[in-house]
Amino acid sequence: MKNILSKIAIGVVRFYQLFISPWLPPSCRYQPTCSQYMIQAIQKYGAWKGVRLGLKRIGRCHPWGGSGYDPVP
């Protein structure tokens, strides 16, 4: 079950990368990008914790937030 949830979550992020992101201006302040970070977090920690870490990272991605290299812990 855990593996299925991870694959579904990664599929949602990949859909965003392929079909939504190309229509938006590039604005990610971090490396790796927020969507790639979420995929890496899901692969490392599973769907629940990975999505939580990814959403936390997206919450930090604003003009007054940080920037630069920020790998998955």
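Reader: How many aromatic pairs does the structure hold, and how do I read one?

Author: A pair of aromatic rings is described by the distance of the centres and the angle of the planes. Rings of Phe, Tyr and Trp (its six-membered ring) pair if their centres lie within 6.5 Å; planes under 30 degrees apart are stacked, over 60 edge-to-face, and the rest tilted. This structure holds one aromatic pair. Phenylalanine 15 and phenylalanine 19 form it, tilted, at 5.1 Å centre to centre with 40° between the planes. This is a predicted model, where local features need pLDDT of at least 70 and side-chain atom pairs pLDDT 80 or more, while totals for chains, interfaces and linings use all residues. Residues are numbered from 1 along each chain as its sequence is written, and side-chain values use heavy atoms, leaving out hydrogens and water.

Reader: Where do phenylalanine 15 and phenylalanine 19 lie?

Author: Both lie in helix α1 (residues 2-20), four residues apart, about one turn of the helix. Helices here are DSSP runs (H or I, at least four residues), numbered from the N terminus.

Reader: Is serine 6 buried or exposed?

Author: Buried means under 20% relative accessible area, exposed over 50%, and partly exposed in between (1.4 Å probe, protein chains only). Serine 6, also in helix α1, is buried at 11% relative accessibility. Phenylalanine 15, by contrast, is partly exposed at 46%.

Reader: What does serine 6 touch?

Author: Contact means heavy atoms within 4.5 Å. Leaving aside residues up to four places away in sequence, serine 6 touches Ile42, Gly46 and Ala47. A polar atom of the serine 6 side chain lies 3.3 Å from the backbone nitrogen of alanine 47.

Notes
Helix = DSSP H or I, 4+ residues; strand = E, 2+ residues; numbered from the N terminus. Polar contact = N/O pair within 3.5 Å; in protein donor to acceptor, adjacent residues only side chain to side chain.
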